[in-house]
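This report covers one stretch of the chain. Please view the sequence and the model alongside the text.

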Amino acid sequence: NSAIYKFPLTIKTLETYYRLYKERLLLVCQAFYKTKVGREYQKKDIPSYSAFAQSLPLTEGQLLREKPKDLIANGSFKLKKFSSSGTTGTQKIIYVPENMAPDIVPQNVLDAVSKYKNPLFIGTHSKSPEPEYVYWAYENIYRYHCSRFQAKEFYNMKTAIDIAKGSEFLIIYDYPSGVQRFLFYISQYLDQHPIERSRFKKKVIAIEICGEQIEINSLRQLSKKTSSLFGIEPVIWVSYGLTEVGNVGIYRYDKKDRRILYEVDRNIFLEILDVINHKPIGVKKEGEIILTSLRTQGTIICRYRTRDIGRLIFEKGKKYLKFLKRDPRTTTVFIAGGKFSMLDLRNVIIDKFHILPTIEVKRKVISSKGKETLNIDTYLPTKLDNTSTIKIKEFIVDWVTKEVWIGPGIKEGKFKIIVKIHSDSMYLKKTFRLKV
């Protein structure tokens, strides 16, 4: 579109922001033009942010699923293949130089924890989904950057207790549910064996959470619970990023804070676009998060659509991202036993019953009692008879149960799935409201 955008006044701030990154963005553009996708676009001068936004296309995640090699810049260096976890569908593939790893773990987190002699990492995603390429789970990346790191997984109270007893230093990476489950096991054990409390005191605990939608009050509760169990206030980071792009932003919890703002990584150029027409909008306004990685080797990530909604904020000379919500159609649901994609669930319902659903998932956790409930509301365009409704309910429960890991963690946590089917007018209202 060659039309000149009529930007709001606050776009002037973005023009200043663009000038700070202009030289690096020009290098990214030059690399992009060398890719199969980029060759189709005329090499234009991009002196301003408005020119940048008009000259370069948006990159869809589907391209990294179906034709990832189309985004590789020509070069003489050797590349290796990595994948995302595939939580929102098929795994996305990226290529990076052999001597590099995806920049998913924030450098300040690595700097803070690498000084320990025997750091221990607790995670839940250590296995590669496919043998043909390497899935760079957080455990693998920590060990890539710091060879002293060990990684362990916990499945039940016994393994959690063994881990907590034996480590000088613990860093726990997980979505909030995993951290809460780990602390729940420790709490249950100490209630039963109060004489053991001294063995858990004075340990250094750091927690990194990849949980963009977590609330500040949840972090306060998490900090308070950890302090009561280990006798020391933990360092808590919350990160926002994508495997295919790298770390986007990091927030370090402070009990004085009233909100979570991610400080944007220096290797990321972040845009916020209108969700309807995909044109740039002003600072502090809500829109879709668009990312450009400033790396110029391997897969070139230029103006990548995240389908996440947020705001770009400038405060005290720094740039921050305020994450608001995910696109409801691609949300990944994380529960005590694992995770599943709402997009995948929607697709299997379409294949099985030949009906187009809209799905809402709400998760409730009572960590003090180890209880977890997953409410799945499914909105259908037509009214069904009772027999068909029951079949769909049973299918959803069975699919979710098989999709996630079912083991001691779920049994001890008293996990429950509740499915409700809605139709007709409710479907139309939900479809309209959820459309992004």
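In which sense do strand 18 and strand 19 pair, and over how many bridges? Strand 18 and strand 19 (residues 415-423) pair in the parallel sense, over nine bridges. The model is predicted: local features need pLDDT of at least 70 and side-chain atom pairs count only at pLDDT 80 or more, while totals for chains, interfaces and linings use all residues. Residues are numbered from 1 along each chain as its sequence is written, and side-chain values use heavy atoms, with hydrogens and water left out.

Helices (H or I, at least four residues) and strands (E, at least two) are DSSP runs numbered from the N terminus; two strands pair if DSSP finds at least two bridges between them.

Of the ten residues in strand 18 (residues 371-380), eight are buried (under 20% relative accessible area; exposed is over 50%, partly exposed in between, with a 1.4 Å probe and protein chains only).

Helix 10 (residues 386-403) has 18 residues. Its buried residues are Thr-389, Ile-392, Phe-395, Ile-396, Trp-399 and Val-400. Seen down the axis of helix 10, these fall within an arc of 125°, so they line one face of the helix; the arc is that of the directions from the helix axis to the C-beta atoms. The face turned away from the buried side of helix 10 carries exposed residues Asn-386, Thr-387, Lys-391, Glu-394 and Lys-402.

Technical notes:
Expected span 1.5 Å × (residues − 1).
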